[in-house]
Amino acid sequence: MARRPRAADGERVHAQRHVHDPRGLEQVLDNLVANAIKYSPAGGAVQVTVARVGAEVSIAVSDRGVGIAADDQRRLFERYFRAPSSSGVAPGVGLGLWAALRIAEAHGGRIEVTSTAGRGSTFTLRLPS
(Lines give C-alpha, C1' and ligand atoms only; values in the text may rest on other atoms or scores of the structure.)
Protein backbone atom coordinates (compact mmCIF):
# COMPACT_ATOMS: atom_id res chain seq x y z
CA MET A 1 0.00 0.00 0.00
CA ALA A 2 1.38 3.39 -1.01
CA ARG A 3 1.99 5.87 1.76
CA ARG A 4 0.88 9.45 1.44
CA PRO A 5 3.68 11.98 1.47
CA ARG A 6 4.13 14.02 4.64
CA ALA A 7 5.13 17.63 5.08
CA ALA A 8 8.08 18.58 7.26
CA ASP A 9 5.78 18.92 10.28
CA GLY A 10 4.43 15.39 9.81
CA GLU A 11 1.05 16.46 8.39
CA ARG A 12 -0.20 14.54 5.38
CA VAL A 13 0.09 16.30 2.07
CA HIS A 14 -3.11 16.30 0.04
CA ALA A 15 -1.97 16.97 -3.49
CA GLN A 16 -4.72 17.89 -5.87
CA ARG A 17 -4.21 16.30 -9.28
CA HIS A 18 -5.90 17.29 -12.48
CA VAL A 19 -6.16 14.86 -15.32
CA HIS A 20 -6.57 16.57 -18.66
CA ASP A 21 -7.84 15.13 -21.89
CA PRO A 22 -5.37 16.44 -24.49
CA ARG A 23 -7.82 15.97 -27.37
CA GLY A 24 -10.56 17.85 -25.54
CA LEU A 25 -8.22 20.73 -24.74
CA GLU A 26 -7.01 20.73 -28.34
CA GLN A 27 -10.64 21.04 -29.45
CA VAL A 28 -11.16 24.05 -27.15
CA LEU A 29 -8.03 25.83 -28.40
CA ASP A 30 -8.83 24.98 -32.02
CA ASN A 31 -12.28 26.52 -31.60
CA LEU A 32 -10.98 29.71 -29.98
CA VAL A 33 -8.22 30.22 -32.57
CA ALA A 34 -10.47 29.30 -35.53
CA ASN A 35 -13.11 31.79 -34.34
CA ALA A 36 -10.50 34.52 -33.96
CA ILE A 37 -9.33 33.90 -37.53
CA LYS A 38 -12.90 33.65 -38.90
CA TYR A 39 -14.03 36.93 -37.39
CA SER A 40 -10.88 38.94 -38.18
CA PRO A 41 -10.41 40.99 -41.32
CA ALA A 42 -8.33 39.42 -44.07
CA GLY A 43 -4.67 39.57 -43.08
CA GLY A 44 -5.58 40.46 -39.49
CA ALA A 45 -3.37 39.20 -36.69
CA VAL A 46 -4.46 36.76 -34.00
CA GLN A 47 -2.46 36.73 -30.78
CA VAL A 48 -2.18 33.74 -28.42
CA THR A 49 -0.73 34.39 -24.98
CA VAL A 50 0.05 31.68 -22.43
CA ALA A 51 0.79 32.49 -18.80
CA ARG A 52 0.73 30.96 -15.37
CA VAL A 53 -1.32 33.15 -13.04
CA GLY A 54 -1.31 31.92 -9.46
CA ALA A 55 -2.73 28.41 -9.42
CA GLU A 56 -3.99 28.66 -13.01
CA VAL A 57 -2.75 28.39 -16.55
CA SER A 58 -4.20 31.13 -18.73
CA ILE A 59 -4.39 30.89 -22.53
CA ALA A 60 -5.75 34.05 -24.15
CA VAL A 61 -6.71 34.29 -27.84
CA SER A 62 -7.13 37.87 -29.08
CA ASP A 63 -8.24 39.33 -32.40
CA ARG A 64 -9.04 42.73 -33.85
CA GLY A 65 -12.16 41.47 -35.61
CA VAL A 66 -15.85 42.34 -35.58
CA GLY A 67 -16.16 42.16 -31.80
CA ILE A 68 -19.27 41.30 -29.83
CA ALA A 69 -21.85 43.67 -28.35
CA ALA A 70 -22.09 43.62 -24.54
CA ASP A 71 -25.69 42.31 -24.61
CA ASP A 72 -24.66 39.37 -26.80
CA GLN A 73 -21.66 38.40 -24.64
CA ARG A 74 -23.97 37.04 -21.93
CA ARG A 75 -25.41 34.51 -24.39
CA LEU A 76 -22.23 33.46 -26.26
CA PHE A 77 -21.95 30.08 -24.53
CA GLU A 78 -25.60 29.11 -25.03
CA ARG A 79 -26.22 26.23 -27.38
CA TYR A 80 -27.11 27.44 -30.92
CA PHE A 81 -26.62 31.13 -30.11
CA ARG A 82 -24.88 33.22 -32.75
CA ALA A 83 -24.28 36.90 -32.17
CA PRO A 84 -25.85 39.16 -34.81
CA SER A 85 -22.35 40.55 -35.51
CA SER A 86 -21.38 37.10 -36.84
CA SER A 87 -24.24 36.91 -39.34
CA GLY A 88 -22.92 36.86 -42.86
CA VAL A 89 -19.30 37.03 -41.66
CA ALA A 90 -18.67 33.31 -41.20
CA PRO A 91 -20.68 30.09 -41.28
CA GLY A 92 -21.57 28.24 -38.09
CA VAL A 93 -24.40 26.78 -36.04
CA GLY A 94 -23.61 28.11 -32.58
CA LEU A 95 -22.20 24.96 -31.00
CA GLY A 96 -18.46 25.67 -30.88
CA LEU A 97 -18.30 27.93 -27.83
CA TRP A 98 -20.99 25.90 -26.08
CA ALA A 99 -18.90 22.72 -26.47
CA ALA A 100 -15.65 24.52 -25.62
CA LEU A 101 -17.07 25.75 -22.33
CA ARG A 102 -18.36 22.28 -21.40
CA ILE A 103 -14.90 20.79 -22.02
CA ALA A 104 -13.18 23.57 -20.04
CA GLU A 105 -15.56 23.03 -17.11
CA ALA A 106 -14.95 19.27 -17.21
CA HIS A 107 -11.28 20.09 -16.62
CA GLY A 108 -12.07 22.37 -13.68
CA GLY A 109 -11.64 25.48 -15.84
CA ARG A 110 -13.61 28.26 -17.44
CA ILE A 111 -13.64 30.54 -20.49
CA GLU A 112 -13.90 34.30 -20.12
CA VAL A 113 -14.57 36.86 -22.85
CA THR A 114 -13.84 40.55 -23.18
CA SER A 115 -14.96 42.24 -26.36
CA THR A 116 -15.95 45.54 -27.89
CA ALA A 117 -18.14 45.65 -30.99
CA GLY A 118 -16.07 46.68 -33.99
CA ARG A 119 -12.75 46.44 -32.10
CA GLY A 120 -12.13 42.75 -31.43
CA SER A 121 -12.33 40.11 -28.73
CA THR A 122 -10.22 38.16 -26.28
CA PHE A 123 -11.30 34.70 -25.15
CA THR A 124 -9.32 33.36 -22.19
CA LEU A 125 -9.22 29.70 -21.22
CA ARG A 126 -8.31 29.31 -17.54
CA LEU A 127 -7.35 25.89 -16.18
CA PRO A 128 -6.01 24.78 -12.81
CA SER A 129 -2.26 24.20 -13.07
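These are my notebook entries on a predicted model of one protein chain.

**Entry 1: the whole chain**

I started by listing the elements, and I found three helices and four strands. Read from the N terminus, their order is α-β-β-α-α-β-β. Next I looked up burial: of the 129 residues, 36% count as buried. For the surface, I noted that the chain exposes about 8,500 Å², with carbon and sulfur atoms supplying 53% of that area. I also checked how far along the sequence the contacts reach. Among contacts between residues at least 6 apart in sequence, 54% join residues at least 24 apart.

**Entry 2: strands 1 and 2**

I turned to strand 1, residues 46–53, and asked how it pairs with strand 2. The two strands are antiparallel and share eight bridges. As one example, I found Gln47 opposite Ser62 of strand 2. The two strands form a hairpin with two residues between them, and here Gly54 has a positive phi near 60 degrees.

**Entry 3: strands 3 and 4**

How many bridges join strand 3 to strand 4? I found seven, and these strands also run antiparallel. Thr114 has Thr122 in strand 4 as its bridge partner. Three residues lie between the strands of this hairpin, and Gly118 in the turn takes a positive phi of about 80 degrees.

Ile111, Val113 and Ser115 make up the covered face, while Arg110, Glu112, Thr114 and Thr116 make up the uncovered one.

Over in strand 4 I picked out Thr124. Is Thr124 buried or exposed? Its relative accessible area is 10%, so Thr124 is buried, the cut-off being under 20%. Beyond its neighbours within four places in sequence, Thr124 is in contact with Ser58, Ile59, Ala60, Arg110, Ile111 and Glu112.

**Entry 4: helix 3 and what it packs against**

Helix 3 covers residues 96–106, and I found Leu97, Ala99, Ala100, Leu101, Ile103 and Ala104 buried there. Which elements do these buried residues pack against? My list has helix 1 (22–38), strand 3 (110–116) and strand 4 (120–128). Just after helix 3 comes Gly108, with a positive phi of about 80 degrees.

I zoomed in on Ala100 in helix 3. Ala100 is buried, with a relative accessible area of 2%. Not counting residues up to four places away in sequence, Ala100 touches Val28, Asn31 and Ile111. I also looked up Phe77: Ala100 and Phe77 lie 23 residues apart in sequence, with 8.5 Å between their C-alpha atoms.

**Entry 5: Val28**

Val28 was on the contact list of Ala100, and I located Val28 in helix 1. Its relative accessible area is 0%, so Val28 is buried. Leaving out residues up to four places away in sequence, Val28 touches Ala100, Ile103, Ala104, Ile111 and Leu125. Val28 and Leu97 are 69 residues apart along the chain, yet 8.2 Å separates their C-alpha atoms.

**Entry 6: Tyr80**

Most residues other than glycine have a negative phi, and most peptide bonds are trans. Tyr80 is not a glycine, but has a positive phi of about 75 degrees. Where does Tyr80 sit? I found Tyr80 in the loop between helix 2 (70–73) and helix 3. Tyr80 counts as exposed because its relative accessibility is 57%, and the cut-off for exposed is over 50%.

**Entry 7: the largest pocket**

My last search was for empty space. Rolling a probe the size of a water molecule over the atoms shows where empty space is left. The largest pocket holds about 420 Å³. It has 28 lining residues, and those closest to its centre are Asn35, Tyr39, Leu76, Ser86 and Leu97.

Which elements supply at least two residues each to the lining? I noted helix 1, strand 2 (56–63), helix 3 and strand 4. Helix 1 gives the largest share, with five residues. By type, the lining divides into 15 nonpolar, nine polar and four charged residues.

Key
Residues are numbered from 1 along each chain as its sequence is written. This is a predicted model: local features need pLDDT of at least 70, side-chain atom pairs count only at pLDDT 80 or more; totals for chains, interfaces and linings use all residues. Side-chain values use heavy atoms; hydrogens and water are left out. Buried means under 20% relative accessible area, exposed over 50%, partly exposed in between (1.4 Å probe, protein chains only). Contact means heavy atoms within 4.5 Å. On a 1 Å grid over the protein atoms alone, a cavity is a set of points where a 1.4 Å probe fits but cannot get out, and a pocket is an open set with protein on both sides within 12 Å along at least five of seven lines; lining residues have an atom within 4 Å of a point. Grid points are joined across faces, edges and corners, and a volume is the space filled by probe spheres set on the points. Ala, Val, Leu, Ile, Met, Phe, Trp, Tyr, Cys and Pro count as nonpolar, Asp, Glu, Lys and Arg as charged, and the others, Gly among them, as polar. Accessible areas come from the Shrake-Rupley method with a 1.4 Å probe; for residues, only the protein chains shown count as cover. Two strands pair if DSSP finds at least two bridges between them.
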